Amino acid sequence: MAKYQLLLPKMGESVAEATVIKWMKNPGDYIEADDTVMEIATDKVDSEVPSPVSGKLVEQRYKQDDVVQVGSVIAIIETDEAEEVTPAAQTVAVPQPVVTPQPIVTETKPQDIPGIAQLEQKATEPVAQQNTPNFKSGSRFYSPLVKQIALQENISLDELENIPGSGAEGRLNKDDLLNYIRNNEGNAQPKTQVADSKKSEYTRPAVSVSGADEIIEMDRMRRLIADHMVMSKQTSPHVTSFVETDVTGLVLWREKIKSSFEKREGEKITFTPIFVEAVVKAIKDYPMVNVSVNGTQIIKKADINISMATALPNGNLIVPVIKKADELNLLGLTKAVNSLAANARAGKLQPDDVKDGTFTITNIGGFNNVMGTPIINQPQVAILAVGAIKKKPAVIETPQGDVIAIRHMMFLSLSYDHRVVDGALGGSFLARIAHYLENWDVDRQV
């Protein structure tokens, strides 16, 4: 019998770790090739880890809610091979140290929020051995990282035992401890003598809870969304511009062709791929909107990858990406939009489906909202909100003079990063999107 080391596979350029959600196989179970061994969650999507070999699962290296680094051995599978089986055939990329002097743009993670990074860095520094708590005497398990943070912040075992944990069976994880430390910074004496000149003086107000109030713990995805939104507002000075657009011709054109289009292609044509096409054209005209910021560097993106915010049935939000949208025609965009939206709602998105976006569109009109001020999806520098299309009286200029007519009107809202996108660029880009929508060819064939 040979033993195969199952590794946590690479799940995208910016994904370095994953959390174990659930083991689908237990020690002693026989596994067929391509069977799902475990379910994992990244800061992007939930996914499954299949086994590339057949055999008996003999060891699980991690437990539920453990955080695993890409490339780590997660399980041992006993196969019928005559010789030792190595995981060399499995494609795994273990993050390597960056040695180039040029800064590299990476997708910001929740731990990059000011304060958390410093705490995690301190957790890796040598800690004095004196007054070390006996963690083994505690009533629950503590990971090495939690222990290091507790030691560095001078948190006693008694205090640690009273911090609520969100892990399995109330286990205290890294995020629970870091949130506890942040929430108590303004209410307690400093636990270390290290002065932090950048520390915020803001103290969160106490929350009053009555007996009739319901306390709902955020799920994992909602916590990630919350961290990402706060990080975005802290990173980018947001500016939002608005424009009202007459899309009467576009609405009438869609009404005319939608039935024949669906019968011919087997796909419904919504407004979303039309908006994507207009945005792509405008980006070609104003490519400095399709950028990211890395310190004092502006990274001009070669590809136009459009992220589309998609609401999930549970109320959360995910942002799948249409890769190289500038290379797709309207039919291709329609198929891409419908496929990504369906997979998002069914929970079938892959990690690659939600990475490398360069510009985001969010359709708030689907909730009957006319306009909004969306938050930038980092590390992008702009996001477009598309409002509901409403019939309104509008002034129409004709050779015979101005007239008032009923038109289909819509607001477009563009939030942009004022570090690199000034009002002239942001306003011109938004006006160009409106121009493409207003001047839609009503005789266009698809």
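**View 1. Asn377 and the residues it touches.** Setting aside neighbours within four places in sequence, Asn377 is in contact with His228, Ser307, Val319 and Thr360. Contact here means heavy atoms within 4.5 Å. This is a predicted model, in which local features need pLDDT of at least 70 and side-chain atom pairs count only at pLDDT 80 or more, while totals for chains, interfaces and linings use all residues. Residues are numbered from 1 along each chain as its sequence is written, and side-chain values use heavy atoms, with hydrogens and water left out. Asn377 lies in the loop between strand S16 (359-363) and strand S17 (382-386). Helices (H or I, at least four residues) and strands (E, at least two) are DSSP runs, numbered from the N terminus. Is Asn377 buried or exposed? Asn377 is buried, with a relative accessible area of 16%. Buried means under 20% relative accessible area, exposed over 50%, and partly exposed in between (1.4 Å probe, protein chains only). The side chains of Asn377 and Thr360 make a polar contact at 3.3 Å. A polar contact is a pair of N or O atoms within 3.5 Å; within protein, one must be able to donate a hydrogen and the other to accept it, and residues adjacent in sequence count only if both atoms are side-chain atoms.

**View 2. The whole chain in brief.** The chain's secondary structure comes to nine helices and 19 strands. Of its 446 residues, 39% are buried. Take the contacts in the chain with a separation of 6 or more: residues 24 or more positions apart account for 64% of them.

**View 3. Two nonpolar cores.** A nonpolar core is a set of buried Ala, Val, Leu, Ile, Met, Phe, Trp, Tyr and Cys residues joined through side-chain atoms within 4.5 Å. In soluble globular proteins, nonpolar side chains tend to be buried together. Which residues touch the most other members of the largest core? They are Ile306, Phe359 and Leu437, in a core of 54 residues. Helix H7 (residues 272-285) supplies the largest share of this core, eight residues. A second, separate core has 18 residues, including Leu8, Trp23, Val53 and Val70.

**View 4. Helix H8 and its cover.** Helix H8 (residues 330-345) has 16 residues. From first C-alpha to last, H8 reaches 23 Å, close to the 22 Å expected at 1.5 Å a residue. The expected span is 1.5 Å times one less than the number of residues. Buried residues of H8 include Leu333, Val337, Leu340 and Ala344. An α-helix has 3.6 residues a turn, so residues three or four places apart point the same way. What covers the buried residues of H8? The cover includes helix H6 (248-265), H7, strand S12 (306-308) and strand S13 (310-311). At the start of H8, a side-chain oxygen of Asn329 reaches to within 3.2 Å of the backbone nitrogen of Leu331. Just after H8, Gly347 takes a positive phi of about 70°.

**View 5. The open sheet S5-S4-S2-S7.** Four strands form this open sheet in that order, with antiparallel pairing. Strand S5 (46-50) and strand S7 (67-69) stand at the edges; each has a single partner strand, so one side of each is left without a neighbour in the sheet. From one strand to the next, the twist averages 45°. Its angles run from 0 to 180 degrees between N-to-C directions, and axes are lines fitted to C-alpha atoms, for helices over the stretch in contact. Two strands pair if DSSP finds at least two bridges between them. Strand S4 (residues 36-41) and S5 pair over five bridges. Glu39 has Glu48 as its bridge partner in S5, and Met38 has Val49. S5 has a covered face, Ser47 and Val49, and an uncovered one, Asp46, Glu48 and Pro50. In a regular strand the side chains alternate between the two faces of the sheet.

**View 6. Strand S19 and its partners.** Strand S9 (residues 238-246) and strand S19 (residues 401-417) pair in the antiparallel sense over nine bridges. Thr240 stands opposite Ser415 in S19. S17 and S19 run antiparallel, joined by five bridges. The bridge partner of Val386 in S19 is Leu412. Strand S18 (residues 390-398) is antiparallel to S19, with nine bridges joining them. How many residues stand between S18 and S19 in their hairpin? Two residues do.
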